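Please keep the sequence and the model at hand while reading.

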Amino acid sequence: MKKEINMFLEVQNLSVDLGQFHLDKVNLSLEKNDYLVIIGPTGSGKSVLLETIAGFFSPDEGKIFLEGKEITGINPEERGISIVYQDYMLFPHMNIADNIAYGLKKKTKDTEHIDIEVKRMAKILKIDHLLHRNPETLSGGEKQRVAIARSLVVEPHILLMDEPFAALDVNTHNYLTSLIKNVINQHKTTCIHVSHNFNDVYNLAEHVAVMKEGKILQQGTVHEVFSKPSHDFVADFVGVHNVFQGRIVGHDQSLIQVEISPDVILSSSSDLSSDSKKVTVAIRPESIIFSNEPFVSSVRNQVKGEVSTIFEVGHNIWINVQVGDLSFMGVLTPNSCEALGIKKGKEIYLSFKSVNVNLMESYD
């Protein structure tokens, strides 16, 4: 009996051997309108997985289903899947309007429709003033918006993005993250996004998958994977520390106020689109500043606790600090640890910026 396919995208036992890069019986599922971010070390097979789903590689084993239909052997151009790379891959001999229109011209000969759709998509991505320009005159962020516009204007079943923001500076990355999130939500596009940046997970993902050596070790909601890893590598890779359940209790100018315990309310500058009051709060250990006295600066968050455990990992010292019923984990160099006089039972202040208090919709 044929297996019933209920998911929008279903990857079953997918194996591909490209020598150094490979997939080993990968299983992956995705619901319609979902946003999945795939993370993992370099060489773990993330890009190979995207390109196999897109149809650029033929699997040695396994099947791919899209909306219940097997697409394993279908040509890439017939799958209705778009892909965006970090190096843009724009056509240098075409202006921006023609770059965006490229895929659309393969679907229709209606020039009026093409012109309307190109201008509409360019306006949404705030590049409508660049349509007459050539790619070499654009900044990296502008080029990436053109590449995304070209991919979205054809209304793909799935948008694949392979490290789309990796070549951009931090400010441009943050701007594009917010812009793309709105565009994807507006078009209800199903996305798979490969990234090394955890902020992409926090700010964009509804689900996350962790890959290593050609295998997906865990897939689930961001909260499930980051707070309940099912594999020791996953726990180590995502740095599963400082994940709390909280509730939004107010706003202070542009900052969201989140209560994670009766005595601890944090400020976050996360761009949280959900109206839910329940949130998951994640703070990377390396974002925490330790001090013996209250830290005087623009940092909005500061708590006081007691050192409960200290342990050395490689060249760093990991420190667990108990703040009431909460346990915070931070990391210091041995020299910093010695200068602060860190020892078990010592009272210490922890500070961290609002931008480092990442909020995710709680799926509990």
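Ile319 stands opposite Gly330 in strand 18. Strand 17 (residues 316-323) pairs with strand 18 in the antiparallel sense, over 7 bridges. Helices (H or I, at least four residues) and strands (E, at least two) are DSSP runs, numbered from the N terminus. Two strands pair if DSSP finds at least two bridges between them.

These two strands belong to an open sheet of 5 strands, in the order 15-19-16-17-18 and with antiparallel pairing. Strand 15 (289-291) and strand 18 (326-332) are the edges; each has a single partner strand, so one side of each is left without a neighbour in the sheet. On average, neighbouring strands of this sheet are turned by 45° against each other, direction ignored.

## Basis and confidence of the model

This is a predicted model: local features need pLDDT of at least 70, side-chain atom pairs count only at pLDDT 80 or more, and totals for chains, interfaces and linings use all residues. Residues are numbered from 1 along each chain as its sequence is written, and side-chain values use heavy atoms, with hydrogens and water left out.

The protein has a mean pLDDT of 90, and 95% of its residues reach 70 or more; pLDDT is the predictor's confidence in each residue, from 0 to 100. Over residues 1-5, pLDDT stays under 50, and the model has 8 contacts beyond four places in sequence for this stretch. A contact means heavy atoms within 4.5 Å. Where pLDDT is low, the predicted coordinates should not be read in detail.

Another open sheet is formed by 4 strands in the order 2-1-4-5, and the pairing is antiparallel. Its edges are strand 2 (21-30) and strand 5 (69-70), each with a single partner strand, so one side of each is left without a neighbour in the sheet.

Strand 1 (residues 9-18) and strand 4 (residues 61-66) run antiparallel and pair over 5 bridges. Gln12 stands opposite Lys63 in strand 4, and Val11 has Ile64 of strand 4 as its bridge partner. Strand 1 is also joined to strand 2 by 7 bridges, again antiparallel, and here Asp17 has His22 of strand 2 as its bridge partner. The hairpin of strand 1 and strand 2 has 2 residues between the strands, and in this hairpin Gly19 takes a positive phi near 85°.

How many of the 10 residues of strand 1 are buried? The count is 7, so strand 1 is largely enclosed by the rest of the structure. Buried means under 20% relative accessible area, exposed over 50% and partly exposed in between (1.4 Å probe, protein chains only).

Thr52 is in helix 1 (residues 46-54). Thr52 counts as buried because its relative accessibility is 0%. Not counting residues up to four places away in sequence, Thr52 touches Leu14, Val16, Leu23, Phe57, Pro59, Ile64 and Arg79.

Val238 lies in helix 8 (residues 232-238). Val238 also has a relative accessibility of 0% and therefore counts as buried. Beyond four places in sequence, the residues that Val238 touches are Ile39, Phe198, Val210, Val225, Phe226 and Arg284. Pro41 is 197 residues from Val238 along the chain, and the C-alpha atoms of the two are separated by 11 Å.

## Helix 3 against helix 5

Two packed helices are described by the angle between their axes and the distance between the axes. The axes of helix 3 (residues 111-124) and helix 5 (residues 170-187) come within 10 Å and cross at roughly 135°. Helix 3 and helix 5 are therefore oblique to each other. Helix 3 contributes Arg120, Met121 and Ile124 to the contact, and helix 5 contributes Leu179, Val183, Gln186 and His187. By class, this contact has 4 nonpolar, 2 polar and 1 charged residues.

Axes are lines fitted to C-alpha atoms, for helices over the stretch in contact, and angles run from 0 to 180 degrees between N-to-C directions. Angles under 35 degrees count as roughly parallel, over 145 as roughly antiparallel, 65 to 115 as roughly perpendicular and the rest as oblique. Ala, Val, Leu, Ile, Met, Phe, Trp, Tyr, Cys and Pro count as nonpolar, Asp, Glu, Lys and Arg as charged, and the others, Gly among them, as polar.

## Positive phi in loops

Met89 is not a glycine, yet has a positive phi of about 55°. Met89 is in the loop between strand 6 (81-85) and helix 2 (96-107), and is partly exposed, with a relative accessible area of 47%.

Lys126, in the loop between helix 3 and helix 4 (140-152), has a positive phi near 60°. At 44% relative accessibility, Lys126 is counted as partly exposed.
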